[in-house]
Amino acid sequence: MTIIAASGTVIAATALFIVLSGFAGLKNLSLEHTSFVDPDLKMLPSKGKSFVISKDDSIAIQSINGIKVYSNTIEERVILEFDGKKQIVTMKGVDDNFNKVTAIDSMVYYGNWLEPNTNQIVSGGIISRNLSYGVLDLTRNQKIYVPKPGKGQITSVKGAFNSLQAYNVGIVDINEEINSQYIFSNIETTRFLLNYDENQVSSIEFKLEDDANDVEVSEALKAVFGDVVAIKNRAQLNDALYKMLNTENVAVYLIFTLVIIIALFNVVGALIMMILDKKASLNTLFNLGTTTKDIRRIFFLQGSLMTILSGTIGLILGIVIVFLQQQFSLLMLTPSIPYPIELKYINIVIVFITITVFGILASKLASQRITRDLVKS
């Protein structure tokens, strides 16, 4: 009975550690794609869709310690048309520094990235599939429409929209949101389409030095622009994704903690069976002067030692399995991508504390079954 109880605890500890390590790997894999397109910091207008950056502002930005490079961008919802098919998408105009702030050009899986001073666009993969176009089709072009700002009645469809012709030169594959909603263009193209001034932007995206403190850089930027802008770091830009992943992590932990609790019922059962089996010996100890409290302590320590030792063995086994997966890719997510898994010290601590706390509680519960009447009879 003791061996069965100990084995259940070993398996439960191993399972909890492997699941937490696997989820950490999946979390990193999910966040890895955002790092290709999300800057370290992004400055957005507090109100409206755009703000103005003057020459003095540019000089002030360049003087801030910690900023490696920055990129001006313009974003707006537009109508994209090709061969009679239409879709509302987000058009993002980027300057030449955008590839230095992000690594989005490495996510182009078909075609090329934008060339300067052209009406080229790069589309998300789902958009190109929905509208049935590829890349470098010079005989047919994409048309982009955006409503003209202003007041009064619309006298004609042509007068209600700004439009231009563009040519798709690349297709990116990043994540479902970008693949289905975004097209990229040179900032001059977007500025022309929206009738923006030369120093008018929707956002400024920053890449920081490796040793830079993003809080200090944010404060320095706030000192330059004041309340006109809001500044977000990478986590804040993906707050919904981070919240979802953290919630799933907690849910997974709670589910497998329940498995551990169920496994520790075996420990309680094993201790109770041991108490009943050693009833005659307990009576002898009692007659020799051992108190009921001391007898309870013996079984409490035995149960605690069994769970802690079993949990440690389970942890070691889990670490070995995780290490083997990292080194030899025993389980594959796709034919070319191994199942992501990450060995984190915090998970070792979490599993050990969980096993220890619930093991002590289970041992305490079982030892309380020892009463004066039990050991005297």
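## Terms and model

A pocket is an open set of grid points with protein on both sides within 12 Å along at least five of seven lines, and its volume is the space filled by probe spheres set on the points. By these terms, the second largest pocket of this predicted model has a volume of about 290 Å³.

## Overall form

The protein contains 14 helices and 12 strands. Its radius of gyration is 31 Å, well over the 21 Å that the globule rule gives for 377 residues, so the protein is more spread out than a compact globule. Taken along the principal axes, the box filled by the C-alpha atoms is roughly 105 × 45 × 45 Å.

## The second largest pocket

The lining of the second largest pocket is made up of 14 residues, and Ser58, Asn72, Asp95, Arg191 and Glu198 are those nearest its centre. At least two lining residues come from each of helix H2 (55–62), strand E3 (67–82) and helix H7 (187–194). By class, this lining has 4 nonpolar, 5 polar and 5 charged residues.

## The largest pocket

The largest pocket holds about 640 Å³ of space. Its lining comprises 26 residues, with Asp38, Glu177, Ile178, Leu237 and Asn238 nearest the centre. Two or more lining residues are given by each of helix H1 (2–34), strand E1 (41–45), helix H6 (176–181), strand E9 (182–186), helix H9 (234–237) and H10. The lining residues of the largest pocket divide into 12 nonpolar, 6 polar and 8 charged.

## Packing of H10 and H13

Two packed helices are described by the angle between their axes and the distance between the axes. For helix H10 (residues 239–277) and helix H13 (residues 345–367), the axes come within 9 Å and cross at roughly 35°. The crossing of H10 with H13 is right-handed.

On the H10 side, the contact is formed by Tyr253, Thr257, Ile260, Ile261, Leu264, Val268, Leu271, Ile272 and Ile275. These residues meet Ile350, Thr354, Ile355, Phe358, Gly359, Ala362, Ser363, Leu365 and Ala366 in H13. In this contact 14 residues are nonpolar, 4 are polar and none is charged.

Rolling a probe the size of a water molecule over the atoms shows where empty space is left. The count comes to 1 cavity of 30 Å³ or more, and about 40 Å³ of space lies in the largest cavity.

Gly134, Val135, Leu136, Asp137, Arg140, Gln142, Tyr167 and Asn168 line the largest cavity. By class, these lining residues comprise 3 nonpolar, 3 polar and 2 charged.

Key
Residues are numbered from 1 along each chain as its sequence is written. This is a predicted model: local features need pLDDT of at least 70, side-chain atom pairs count only at pLDDT 80 or more; totals for chains, interfaces and linings use all residues. Side-chain values use heavy atoms; hydrogens and water are left out. Axes are lines fitted to C-alpha atoms, for helices over the stretch in contact, and angles run from 0 to 180 degrees between N-to-C directions. Helices (H or I, at least four residues) and strands (E, at least two) are DSSP runs, numbered from the N terminus. A crossing is left-handed if the near helix is turned anticlockwise from the far one by less than a right angle, and right-handed if clockwise. Contact means heavy atoms within 4.5 Å. Ala, Val, Leu, Ile, Met, Phe, Trp, Tyr, Cys and Pro count as nonpolar, Asp, Glu, Lys and Arg as charged, and the others, Gly among them, as polar. On a 1 Å grid over the protein atoms alone, a cavity is a set of points where a 1.4 Å probe fits but cannot get out, and a pocket is an open set with protein on both sides within 12 Å along at least five of seven lines; lining residues have an atom within 4 Å of a point. The radius of gyration is taken over C-alpha atoms; the globule rule is 2.2 Å times the number of residues to the power 0.38.
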